[in-house]
Amino acid sequence: MAAARDYDLTTGSIASHFRKLAIPAALGMLFTTLYNVVDVYFAGQIGTESQAGLAIGFQAFFVLVAVAFGLSSAMSALVGNARGAKDNRAARRLAVQGLAFATVATIVLMIFAIWFGPRAIILISEPGEYRDAATGYFYWLVAALPGFILAFSANGILQAHGDSVTLQRGQMVAFFANIALNPLFIYGIPGVIGGMGFNGIALATILSQTGVMVWILWTVSRLEIMQGVEPRHVRLEWATVKEILAQMLPTTTAMMVMFVSGFVVQYALKGFGEEAIAAYGIALRIEQILLLPVLGMTGALLPIAAQNYGAKNHARVREAVWFCWKLGFVMTALAAPILWFGGGLAMSIFTDDTDVIPIGQSYLRVDGFLFPLYMMLFAINSLLQALKKPVYTLWISLYRQGFGVAFFVWLLIGVFGMDVWGVWLGIGAAVSTGWAIALWITIRIAKEKIGGLRG
């Protein structure tokens, strides 16, 4: 059996490590985003109500998937620290216990989802077709939770070993499968199988993401640290679970705050009609596509910084952070003009609704100014995870995506009476002030853990 990818990130060129990790990661995210774009496209073929239902139902679902993001970051940081210290026994213990914990968490979340989903959707929608579509879509997606949570958790283990290619390949196959499965399940085959309509999009997600999960788990099983695993190793140990929870909960809670922030935005937008909600959902997909290189690069910072921090090579941690930021500014400088001047054209790819396009275009124009700040915030989150200080990512998120968004949106709409521009500018104010707070915190933590950002 061939060995899985396993890279030592504590030696060699920092730039080459970023290239090795960031490019496959960005490609994987590209196919993930294109996967979602396919869903938006087919929902648009059904109608604006379906696109609005997709945006709301998916938002409710991803509140639950926050656990997956937290576990992924926890596994990447903890296993990465152990690999940097050349402690394979600790790496094995953390990996096996993490996967066992992820399995238990998945079962609990699937039960909780039945209660949570409909209530969350009611909160951010008005009665009508798009609420009904969102609720039905969400119920179907509950069956996709194992595919997301177990796959993300296992991928964190692969990231700790410097492997970002496996997820890329899985998501690439899932993307092409989604192109075929969406029309098959939506429309069916005349005389053979009946179509499911809008809910067919959810069934396509269940099947394709379950396939990704199987592929990633199989790849993890081939890692050197996973050889010799016995059934007794799977039994949860409270000491290890506490270690995982300490790293996971701040990130998971921060992600939940981010998704709840999406609910706040959609709650504010519902007063402007389903067109505003549909426009926001489409614009977010366009934003995600342009952020992909940045996400790949800042995501690569986590395993690089984690391994080098575990090896006590603080100078390389600092070098990795500055390389990430410098390259990130170049990337965002290239992306911003596309958002400022091409937003309307990009929106028109997904909808021909003349009420939806200008609303989405206005969001993208504001978003172009925020791209450099997003880049630095993503890098800060990766660094804090690698330094085993994830609790600060929670405080940053609570302000920026919790209090900040709600306060500034309320101020601009509720007090100053602005239209949808008040929502977009409120988001901008929250991001800008959140960035300033995050940078101040990072300077202090870096001084304590690695002798400062500049040494």
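A residue counts as buried under 20% relative accessible area, exposed over 50%, and partly exposed in between (1.4 Å probe, protein chains only). Keep that in mind for the tour.

This is a predicted model, where local features need pLDDT of at least 70, side-chain atom pairs count only at pLDDT 80 or more, and totals for chains, interfaces and linings use all residues. Residues are numbered from 1 along each chain as its sequence is written, and side-chain values use heavy atoms, leaving out hydrogens and water.

**Stop 1: valine 108.** Select helix α4 (residues 88–123), where you will find valine 108; helices here are DSSP runs of H or I with at least four residues, and strands are E runs of at least two, numbered from the N terminus. Valine 108 is exposed, with a relative accessible area of 52%.

**Stop 2: an aromatic pair.** Now select tyrosine 399 and phenylalanine 403, both in helix α14 (residues 391–415), four residues apart, about one turn of the helix. Rings of Phe, Tyr and Trp (its six-membered ring) pair if their centres lie within 6.5 Å; planes under 30 degrees apart are stacked, over 60 edge-to-face, and the rest tilted. The whole structure holds 24 aromatic pairs. The pair of tyrosine 399 and phenylalanine 403 is tilted, with 5.9 Å centre to centre and 40° between the planes. Phenylalanine 403 is partly exposed, at 47% relative accessible area.

**Stop 3: confidence.** Finally, colour by pLDDT, the predictor's confidence in each residue, from 0 to 100. The protein's mean is 87, and 98% of its residues reach 70 or more.
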